[in-house]
Amino acid sequence: MKKTLLSLLFLTLLFSCQEKSPLQVDGEAELRIVAVWNNSAVDSIKNFVPLANSEMILVSEYGIRTEYTDESGILYLKNIPSSVYQISARGKHPLDVTILLVGNSNDLEVLSGMQIMDTIFTKPISSNGISINEIYAGGPVNSIFFFYDQFIELFNSSNEVKYLDGMQIFRVSGTDNSTKDPGDDWDDDGDIDGVTYAFKFPGRSGEKNYPFEPQTFIAIAQDAIDHSATVGTSIDLSNVDWEFVNQFNAVDFDNPKVPNLNSFRLDKTSDFMISLTSDIIILASGVDTVWEDGIDIETILDGVEYQSSNSSRKTLDDRIDRGWIQSPPKYNGESMQRREKGIDTNDGTLDWKVLHKPTPGWQ
Ligand SMILES: [Ca+2]
Ligand SMILES: [Ca+2]
Ligand SMILES: [Ca+2]
Ligand SMILES: [Ca+2]
C-alpha cells in the first residue's frame, strides 16, 4: 500500500508538470483524490487504508462543492474549472464511528488540461475545549437595514464542565495605519492587535460561578429580544443564554431575564455589533485583561475571520486560524456554522459552512 501511495505521489508530480497549451478552454482538468487513514495501530503493514464514503469539500473561487469518495476511498472528477483548491476529506473512523477523521490539502493548483492526483492523509480530530460554533451576522431578509438579531454561539466539546467566568469576546477590525491589519501581531510580541470591541462574562478567569455544561451550546445575542416582532423574517432571541449589553450605552436593550456580557473597553458605547459580511471574532480565556496592548495568543481559545469575497485578504494571524469563512450575502437570513459541532482544525475555510437558517443554541 505504501508503495502505491509513493507512486501516486510521483504521478501527482508528473501530471502537475504536464501543463498543456494555454489554448485549452477552462474546465478540462481531471482530479483524482484518495483519502486514507493511518491504520498502523491495528496493522503494521497496511499503514494507510482508503477512507471509503468520506465527505470531500472543495473550496475555490467558484464556491464550495461537496462530493464523496467511493468504496475505494477515491474521488474522481472530470471537467473541473481551473482554480486554486482547498480540499478537505472528512469521514467517520471505520473502527469507531464516534471519532472523526479529517485531512486537508491546501492550495492545490488546478489548470486546464491537467490530470491531478492527490492523496489526503486524514487524522483523528479530538475537540476538547470551547469554540466559537456559529456566527450569525448578516441580518434577516429585509429592506430596512435591520441587523440587530446578530448572535454568536459557543460549544463546549469537552466532557467536563467548563466555566465562563471572565471569558472575553472581541471584535477585531481595527487598523493602526495602512501597514497594520486587524488580527495581525503588529509588534511581533505574541499577541494580536486591532481590538474594536471588548466584552466579557462576569467575574474573573479561574472563578467557578458560570458553568458551561459539556457537549452543550450557548447562544449570545446582540439583544435578547424576539426580533420577529420587528421584522417578520427575523428570529426570536428572547430565550438565549446570554446577551451583550454595553453598560456605557443608556439605550442598549437589557433583558432582565438574560445575563449580560458587559464591555470593558471604556471608550466605546457601541453594542457588540459586528460587520455583516467581514470581520474577526476572538474568544479568550480572560487571563489577559489588558486589551490595549493586544490579546496574548496563548490566552485565545478560538478565533475566526469571515470575508465576503475570496479576493479579500485574510489578516488574522495564522497561529489562530489558517483560513477564513466565505460569508453569505448581507440581509439574506443566512448564518455561518462549523460543519461538525466544535470541530476546529484551525482552518476556517474548510471547518465552516453557510446555513440557510440560523440555529441559535443547537446544531
Ligand atoms: Ca445589546
Ligand atoms: Ca440582560
Ligand atoms: Ca494584553
Ligand atoms: Ca447553531
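This is a predicted model: local features need pLDDT of at least 70, side-chain atom pairs count only at pLDDT 80 or more; totals for chains, interfaces and linings use all residues.
Trainee: What should I know before reading the model?

Mentor: Residues are numbered from 1 along each chain as its sequence is written, and chains are lettered from A and ligands numbered from 1 in the order in which they are written. Local features need pLDDT of at least 70 and side-chain atom pairs count only at pLDDT 80 or more, while totals for chains, interfaces and linings use all residues; side-chain values use heavy atoms, with hydrogens and water left out.

Trainee: Which domains does the protein chain have, and how many salt bridges are counted between them?

Mentor: Domain bounds come from an automatic or database domain assignment. Here that gives domain 1 (2-125) and domain 2 (127-363), with 33 Å between their centres, taken over C-alpha atoms. Buried area is the accessible area (1.4 Å probe) that two parts lose on being put together, summed over both. Between these domains about 1100 Å² is buried, 56% of it from carbon and sulfur atoms. On the domain 1 side, Arg90, Asn104 and Ile125 lose the most area, together 40% of what that side buries. A salt bridge is a side-chain nitrogen of Lys or Arg within 4 Å of a carboxyl oxygen of Asp or Glu. The count between the domains is 2. Arg90 also forms a salt bridge with Asp351 (2.6 Å, N to O).

Trainee: Which residues have the most contacts inside the largest nonpolar core?

Mentor: A nonpolar core is a set of buried Ala, Val, Leu, Ile, Met, Phe, Trp, Tyr and Cys residues joined through side-chain atoms within 4.5 Å. Buried means under 20% relative accessible area, exposed over 50%, and partly exposed in between (1.4 Å probe, protein chains only). The largest core has 27 residues, and Ile135, Leu154, Ile169 and Phe201 have the most contacts inside it. A second, separate core of 21 residues includes Ala29, Leu77, Ile87 and Ile116.

Trainee: Which residues coordinate the calcium ions, and is Asp288 buried or exposed?

Mentor: Asp288 is buried because its relative accessibility is 9%, whereas Asp293, at 42%, counts as partly exposed.
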